[in-house]
Amino acid sequence: MGANKPHPNWVRLYLPELLRGFYITTKHLVVNFLGFLPGLNLLIKKQVETIQYPEEERPISDRWRGRHRLNRREDGSSKCVACFCCATVCPAQCIKIEAGEAPEGAPSEKYPVKFEVNLFECVFCGLCVEACPCDALYMDTKDMKISQYSPDKFVFTLKELIR
Amino acid sequence: MGLDGLLTILLQCLWAIAWFLGVMSLAGLLTWEERKQASLIQDRIGPNRANIRLFRNWRLFGLFHPIADAVKSLFKEDFVPEGADKIMHTLAPVIMLGLSFVVFAVMPFAGPLTINWKDIPAESIPLLGRFFPGDALHLSDFTITFQPANLNVGIIFILAMSSLLVYGVIMGGYSSNNKFSFLGAMRATNQMFSYEIALGLCLIGVIMMYGSTNVSAIVERQGELWFGILPKWGVITQPLAFILFVACGLMEIKRIPFDLPEGESEIVAGYFLEYSGAKFVMFMFAEYVELILLATLITVLFFGGWQIPWVDASGIRIPLLGINLVWSELAWVKEHSYGLMVINFLVVLGQGAMFIAKLVFFCVALITTRWTWPRFRYDQVMRLGWRRVLPLAMVNIVLSGVVILLEQKYKPMIQKLLGY
């Protein structure tokens, strides 16, 4: 396309092209306006793709990695056996575990006395979930709106993680 | 001056206030409407977050945004830049807003309403008759014109006052001590030279066609019919002048295809760059008032003003189709002495509604132009003004003359041919 090539005469007349532009914008206007009306929005699909965020939310995929969760047994204690697999594999080193000896008759020998995930340092890579040998750690909470009033609230403890 | 004269003056004051309040509220609404319309054109939702938490979270499609905008702007700092001419800087928005309201003074918004008091015995008026027995008041026949000022030089007044609007722009731009504002003002001046003559010339065709510079006379004559069916609206008798007038009008109100004085992408905001707070609001408001002004001018001069096609104060008439309904011959009107007055009142109400409908339609259409067309370049505007619009406006004058002569000569023949 040569930049200096003159437009054909009917284009240089302005009006036909101006009216064509008018037609396009008016079409958008009318379709979207009718699409917003309560009755007609079943018939006419509006072209607006906006999601009104705080009120409506986009559906989150099941594979989406959100905040951590510790799976629990029927009695409510966590399935974690404090094997340190997740803490070892974690590239950001954000998992701190303190192990304790479980009492007699408990399902496992060890249990976590402390299990802290620092979400400031976490990169949400999901390696800890893959490393977990006993089905304890998950990232399927779909919780993305993690906001707190102070930084130390972002260190999630055992109590907050068990779900 | 009798009672009638006093009543006329009172009514004119009333219409002036009505125009002022109407235009003010419409301009305020248009700030919201424009944003909403723009968003729909661009497949967005637009403003919908401003709310009033009274009983529940009221949003009303963002209708509170104009209020929020106004409150925000009024509480902002009123900033005058260093080295600016303070008096001129303050005066510019006042001139802009004030002058843009003046032009509405000659716009009629409904047809004349004739009240024949003498035909109506006071006792037959249902409610009012008890308070104002006709004999006690001795009112003569009275014609209400819905127009603040019925000037014989209406169109010239419109042209004169709307040309003065550019003073606000120039004063604002020159007094701001800012290079971008200065450029904006220069562009406004230059643009004015390119459109002003053409604007006057394309209205000459209209003046010729309707034989008057009085706006209400022009609107009145647009109620006549061509070939017994076509209403003689300006857009039908003067299609070329209509296109040219819209082009020149868009240049005059500095809206988008010709918004060079503002030119956001080139000179930031142009002439009102150094304005903030309430003064900025006045400039913005003046812009919307001018938009309404152009819509009103288009309605009044080219779309029959308050005319409802084929309907007027005396009846419904389409000669070509043989429809001829006269109000005063209706059985209901003959039964009741006030019947004709009620029908006339309803017709005037309908005419007012028609006028508002046309006005709002053209406001929306003009806003659509803003979100449709790109801005012309500086030299393109001048070329368009001088080399396209001006010659075409002159051609239009000649064409109008030819059409008027042909009409005078062949009107009886056509009437005989079509048989009405």
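Residues are numbered from 1 along each chain as its sequence is written, and chains are lettered from A and ligands numbered from 1 in the order in which they are written.

The C-alpha atoms of chain B fill a box of roughly 75 × 60 × 50 Å along the principal axes. Its secondary structure comes to 15 helices and eight strands; these are DSSP runs, helices being H or I of at least four residues and strands E of at least two, numbered from the N terminus. Of the 420 residues in chain B, 38% are buried. A residue is buried if 20 or more other C-beta atoms, placed from the backbone, lie within 10 Å of its own, exposed if 12 or fewer, and partly exposed in between.

Helix α14 of chain B covers residues 339-370. Its 32 residues should span 46 Å, and its end C-alpha atoms are 47 Å apart, which agrees; the expected span is 1.5 Å times one less than the number of residues. Buried residues in α14(B) include B:Leu340, B:Val347, B:Phe355, B:Lys358 and B:Ile367.

Confidence is given by pLDDT, the predictor's score for each residue from 0 to 100. Chain B averages 84, with 92% of the residues scoring at least 70. Where pLDDT is low, the predicted coordinates should not be read in detail. For the complex, the predictor gives an ipTM of 0.76 and a pTM of 0.82.

Chain A is divided into domain 1 (1-49) and domain 2 (69-161), with bounds from an automatic or database domain assignment. The domain centres, taken over C-alpha atoms, are separated by 55 Å. A:Asp75 is found in the loop between β1 (69-70) and α3 (85-89) of chain A. A:Asp75 counts as exposed because it has 7 C-beta neighbours inside 10 Å.

Note on methods:
Predicted model: local features only at pLDDT ≥ 70, side-chain atom pairs only at ≥ 80, totals over all residues.
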